[in-house]
Amino acid sequence: MIWIFLVGAMCPTLYFAVFMKYGSNKNKVIRSLNWGYFVVALVSFIILVVRLELNQYETNKLELTPNSFWWTLWVVFLLSRCFEIFYAFLRDGLDKISINKFPDRKEFQKTILLCNKVLSYFCSDEIFYKIKLHIKKPRIFKIWLLSRLPLKNKVKGEKLTNYDRLVLSFRSYFELILNFAIMFSLLPASYWNVGKSLDIIKATYFSGVTITTLGYGDVYPTQWFSQFLSVFEVLCGFTLIVICLAIYLKDDN
């Protein structure tokens, strides 16, 4: 669980978002990814609900047993996405109230420069040159991916207003509930006081009362990973609500 947490905390989905925004219409990519991740979370939730109704979820968990490849991949993706939402909205809120403005960040360029320094230090000149030749391939993939986004012509590319940020925030808020619910439902029975794994409905209930800080106490985590997820969900939800109320509800400048 520790290495799964570390990989998720490295936030690969954030680097993917930075890569997609670099050299593209940033606002359009933000809207597209926000919708895309929300749809993925919603479809995943519906699939798990349908499987539960068919009495197959508990007996055949899509072979997603702990430490299996697909179980690990799913948890890492969900954890990374939750870290990304928390970081993105926290940084955006801090930027809007900061004296120093950052209209055009260069995260992708900084990442490339850092990778170049590391590669040049450990690799010979010939190997380093071959690696640089392959850097263009991901950019070709990005162009291909952007050209095939669903409803790409209907997604706006205009500058984000506070209204747009509010919409993105609440969509992300509901996505957090679903993402944490899915993660909770994937954890083994030993992680909960009830003595069994949480089905997707129970996990969604627990996710909802956790992010809203109700905490009835009928279900609670007993292992460090599930405890961490619970605390982190509260932190994510609290951050989004505070930013929405204190910053995004103000009139646009």
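This is a predicted model: local features need pLDDT of at least 70, side-chain atom pairs count only at pLDDT 80 or more; totals for chains, interfaces and linings use all residues.
Phe180 is buried, with a relative accessible area of 0%.

**Aromatic pairs**

A pair of aromatic rings is described by the distance of the centres and the angle of the planes. The structure holds 12 aromatic pairs. Phe180 lies in helix H8 (residues 162–186) and Phe232 in helix H10 (residues 224–248), so the pair ties together parts that are 52 residues apart in sequence.

Another pair joins Phe184 and Phe206. Here the centres are 5.0 Å apart and the planes at 70 degrees, so this pair is edge-to-face. Phe184 sits in helix H8 and Phe206 in helix H9 (residues 200–211), so parts 22 residues apart in sequence are tied together. Both residues of this pair are buried.

| Pair | Centre to centre | Angle between planes |
|---|---|---|
| Phe184 and Phe206 | 5.0 Å | 70 degrees |

Which residues do ring pairs link into a cluster? They are Phe83, Phe86, Phe180, Phe184, Trp192, Phe206, Phe228 and Phe232.

A ring can also meet a charge. The charged end of Arg171 sits over the ring of Trp35, 4.0 Å from the ring centre.

**The chain as a whole**

The protein chain has 10 helices and zero strands. Of its 253 residues, 41% are buried. Residues 24 or more positions apart account for 79% of them.

**Two helices that cross**

Two packed helices are described by the angle between their axes and the distance between the axes. Helix H2 (residues 12–21) and helix H4 (residues 69–97) have axes that come within 7 Å. The axes cross at roughly 60 degrees. H2 and H4 are therefore oblique to each other.

Which residues meet there? H2 brings Pro12, Thr13, Leu14 and Ala17. H4 brings Phe77, Ser80, Arg81, Glu84 and Tyr87. The residues of this contact divide into five nonpolar, two polar and two charged.

**Arg81**

Arg81 is found in helix H4. Is Arg81 buried or exposed? At 5% relative accessibility, Arg81 counts as buried, because the cut-off for buried is under 20%. Leaving out residues up to four places away in sequence, Arg81 touches Thr13, Leu33, Asn34, Tyr37, Ser172, Glu175 and Asn179. Thr13 belongs to H2, and it meets H4 in the helix contact described above.

**Two positive phi values**

Most residues other than glycine have a negative phi, and most peptide bonds are trans. Cys11 has a positive phi of about 60 degrees, although it is not a glycine. Cys11 lies in the loop between helix H1 (2–9) and H2. Cys11 is buried, with a relative accessible area of 4%.

Thr213 also has a positive phi, near 60 degrees, and is a residue other than glycine. Its place is the loop between H9 and H10. Thr213 is exposed, with a relative accessible area of 53%. So one of these residues, Cys11, is buried, whereas Thr213 is exposed.

Technical notes. Residues are numbered from 1 along each chain as its sequence is written. Side-chain values use heavy atoms; hydrogens and water are left out. Rings of Phe, Tyr and Trp (its six-membered ring) pair if their centres lie within 6.5 Å; planes under 30 degrees apart count as stacked, over 60 as edge-to-face and the rest as tilted. Helices (H or I, at least four residues) and strands (E, at least two) are DSSP runs, numbered from the N terminus. Buried means under 20% relative accessible area, exposed over 50%, partly exposed in between (1.4 Å probe, protein chains only). A charge sits over a ring if NZ of Lys or CZ of Arg is within 6 Å of the ring centre and within 35 degrees of the ring normal. Axes are lines fitted to C-alpha atoms, for helices over the stretch in contact, and angles run from 0 to 180 degrees between N-to-C directions. Angles under 35 degrees count as roughly parallel, over 145 as roughly antiparallel, 65 to 115 as roughly perpendicular and the rest as oblique. Contact means heavy atoms within 4.5 Å. Ala, Val, Leu, Ile, Met, Phe, Trp, Tyr, Cys and Pro count as nonpolar, Asp, Glu, Lys and Arg as charged, and the others, Gly among them, as polar.
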